[in-house]
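Colleague: Could we go through this model together? I would like to start with the overall picture and then turn to details.

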Amino acid sequence: MSTPGAYARLIRIGWVLVREGVISALPSENLPMLPRAAQSLAGLFARRRAIDEDRSDRLARAIERLGPSYVKIGQFLATRPDVVGAEFAEDLSFLQDRMATFPVEAARATIEGSLGRPVSDLYVQFGDPIAAASIAQVHPAVVLKDGIERQVAVKVIRPGVRQRFAHDLEAMFLVSRLQERFLPHTRRLRPVEVTKTLEQTTKIEMDLRLEAAALSELGENAADDPGFRVPTVDWERTGRDVVTMEWIDGIKMSDVEGLRRAGHDLNALADTLIQSFLRHTLRDGFFHADMHQGNLFVDPKGMIVAVDFGIVGRLGKKERRFLAEILYGFITRDYRRVADVHFEAGYVPAHHDVASFAQAIRAIGEPIHGQPAETISMAKLLTLLFEVTQLFEMETRPELVMLQKTMVVVEGVARTLNPRFNMWKASEPVVGGWIRDNLGPKRIVGDVKEAFHAAVRLAEAAPEIAAKTEKFSREITAMAENGLRFDAETAEAIGRSEARHNRSGRVALWVIALALAVIAWKLF
C-alpha cells in the first residue's frame, strides 16, 4: 500500500474518533493551548449520543466502526499500557467478542478450502455461529468418532481479514514512525518495534494451526494441574483457517451469579485461577496471555477451562528467575535486591545508580506493606513499578509487559469472584515452591546437571570443531603464503563486474573525447 493510502486511512481513523467523541473525552489538563483548542473544536463534531457515554464506550464504538482489524489492534494495545497509558489500556480491554457474525455459507466455504473436504464429510451437523470476535467466529458442530457422536466447537477465520489487516497495519507503521520522529522522548518505548510485534502476533493468531498447537502444548503442561484444563484438539479437522476442539459445557466466569447458583466455591476458584497462571508462568515459561472472563469457563466438575489461545506468552529461565526474585524481594521488603535484579537483567541502563533505583522501588513497596493483606494488589504493585521506568530510561520489554498485563487481568477476574482476594496468600504455594526449587540448593544441583549436559554436548562436537579449526588454519596459512584465492564462481563474477566497469569507462572516455572535439571545432 502507498504512503498516500496510509495517510488516507489515518484521516478516516481521526474522523471516526472525532465523531464518536473519543478525542473530546481525552484528558486535557496537561495539554498545550493549541491541542486543547483542537480538542474543543473536535467536541463540536461529535455525535450527540456519544457525549453522554463513558470514554470506554466511545472508544469501543469507534473501533467497532473501523472494523475487525482495528478491534484486534485495540485488543493488542490493551496489553501494552506502556504505549497507550494505563487508562486507555483499561478502556481497550472492553473489546471482547463484540463483532458481528459473518454468513454460515462463507464459513463452510472457508472450511472446505482449508481442509479440502466437504463440510458434510467432516461434520454430522454444523450449526450457525454462536460467538464472533475480530479474527474468527465459533460454530457448534457434531462429529462421528468411533461410532459415537461428539459435540465440538469449530473456530473459523473471517474471510478477507488478513488482507484488511495488512492494509490497516500500514497506517500503524506510519503512526509509529511519526511518533519516533516528532516525539523523541517516546523512542524508549520503541513504537516501530511494538508495531512489528503486533504484526507478528497477529500473523500467528491468524494461523489457527498455531493456536491448536498452543492448546496442545499447554494441555500437556497442565495435564496434572489441580482444577485447571484446556479443550482437546481434533487435529483431523484443523487447518490454517479452521480449528476444531472439544465442546465445553460450562458457565462463563463473567456470570458470577450463575457460578454461585451452580454451587461452585468462588473463593477456591479465585485461588485456583491465580495459582494456575503463576504455575504456567514460572514452571513452564508458557502462559495464556488473554485470560479475561470471556475466555474462562467453569465446567460442572468445578474445573476452570481456558479457551482462545490466539495470544500466548513465553518467558525464558532467566526471565522467570528475575520475576520470582522481584516478587520475593517485594514480599520481604528487600528493595536493594529488587534493584540489583533489575540491573543484572539489563532492564535498567548501567550508568544509573543502583541505590537511587532502590530508593524509587522503596517508594513503591512501603505504601503497599502498610495496607491490610487483603487489599494488597499485585496489579497496583506492577503498575506503580512501571511508572518508574521513564525516570530510569528502561526500554520496553514486550514479554514482561504482556506478563504484567495478564497478571493484572487475572487478578481482576479473581477479585470479581472474591472481593477480599489475597493475592500474596494465594500465590505463596506456587511462588514459594518455585523459589525453594530454583533459587536454593536444588537450583545448584540443576545448574550442575545442565553444565554437565552442556559439557557432554561440547565433547561430542569436539572432533568436528577441531576438524573445522584445522581446515580454517590451513586456509589462513595458504592465503598468507600464496595470496587471497577466489573460487571459480567468485572470480567469474568479479570479471563480469570489471568488464562492465571497463566498458562504462571506455564509453565515458569516448563521450569526453567527442565533447572536447566539438569544443575545439567551435573555437577554431
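Colleague: How many helices and strands does the protein have?

Modeller: This is a predicted model. In it, the protein has 22 helices and twelve strands.

Colleague: What percentage of the residues is buried?

Modeller: Of the 524 residues in the protein, 43% are buried. The protein exposes about 28,000 Å², and 57% of that area is supplied by carbon and sulfur atoms.

Colleague: And the contacts: what share joins residues at least 24 apart?

Modeller: Taking the contacts between residues at least 6 apart in sequence, 67% join residues at least 24 apart.

Colleague: Let us turn to strand β3. Is it mostly covered or mostly uncovered?

Modeller: Strand β3, residues 136-145, is mostly covered, as seven of its ten residues are buried.

Colleague: Which strand does β3 join through ten bridges?

Modeller: That is strand β4, residues 148-157, and the two run antiparallel. V138 stands opposite K155 in β4. The two strands form a hairpin with two residues between them, where D146 takes a positive phi near 55°.

Colleague: What about β2, how many bridges join it to β3?

Modeller: Two bridges join strand β2, residues 131-132, to β3, and these strands run antiparallel. β2 and β3 also form a hairpin, with three residues between them. In this pairing A132 stands opposite Q137 in β3.

Colleague: And which residue of β3 stands opposite Q125?

Modeller: Q125 stands opposite V142. Strand β1, residues 125-126, is joined to β3 by two bridges, and the two run antiparallel.

Colleague: New topic, then. In what order do the four strands of the open sheet come?

Modeller: The order is β5-β11-β10-β8, and the pairing is mixed. The edge strands are β5 (228-229) and β8 (251-252), each of which pairs on one side only.

Colleague: How many bridges are there between β10 and β11?

Modeller: Strand β10, residues 296-298, and strand β11, residues 304-306, pair over three bridges in the antiparallel sense. Here V298 stands opposite I304 in β11.

Colleague: Which strands does helix α14 lie across?

Modeller: Helix α14, residues 266-284, lies across β5, β10 and β11, and it runs at about 45° to β11.

Colleague: How many residues are in the largest nonpolar core?

Modeller: The largest nonpolar core has 75 residues. Those with the most contacts inside it are F228, M253, L273, I274, F277, L296 and L417. The largest share of this core, eight residues, comes from α14. Apart from it lies another core of 19 residues, among them V338, V341, Y347 and V348.

Colleague: Back to L273 for a moment. Which residues does it touch?

Modeller: Leaving aside residues up to four places away in sequence, L273 touches M253, M291, L296, I304, V410, V413 and A414.

Colleague: Why is T244 classed as buried?

Modeller: T244 is classed as buried because its relative accessible area is 0%, and buried means under 20%.

Colleague: What does its side chain reach?

Modeller: The side chain of T244 reaches the backbone oxygen of R237 at 2.8 Å. Not counting residues up to four places away in sequence, T244 touches Y123, V152, A153, V154, V233, D234, R237 and T238.

Conventions: Residues numbered from 1 in each chain as written. Predicted model: local features only at pLDDT ≥ 70, side-chain atom pairs only at ≥ 80, totals over all residues. Heavy atoms only, no water. Buried < 20%, exposed > 50% of the residue type's maximum accessible area, 1.4 Å probe, protein only. Pairing = 2+ DSSP bridges. Contact = heavy atoms within 4.5 Å. Areas by Shrake-Rupley, 256 points an atom, 1.4 Å probe, with all protein chains shown as cover. Axes fitted to C-alpha atoms, helices over the stretch in contact; angles between N-to-C directions. Core = buried A, V, L, I, M, F, W, Y, C linked by side-chain atoms within 4.5 Å. Polar contact = N/O pair within 3.5 Å; in protein donor to acceptor, adjacent residues only side chain to side chain.
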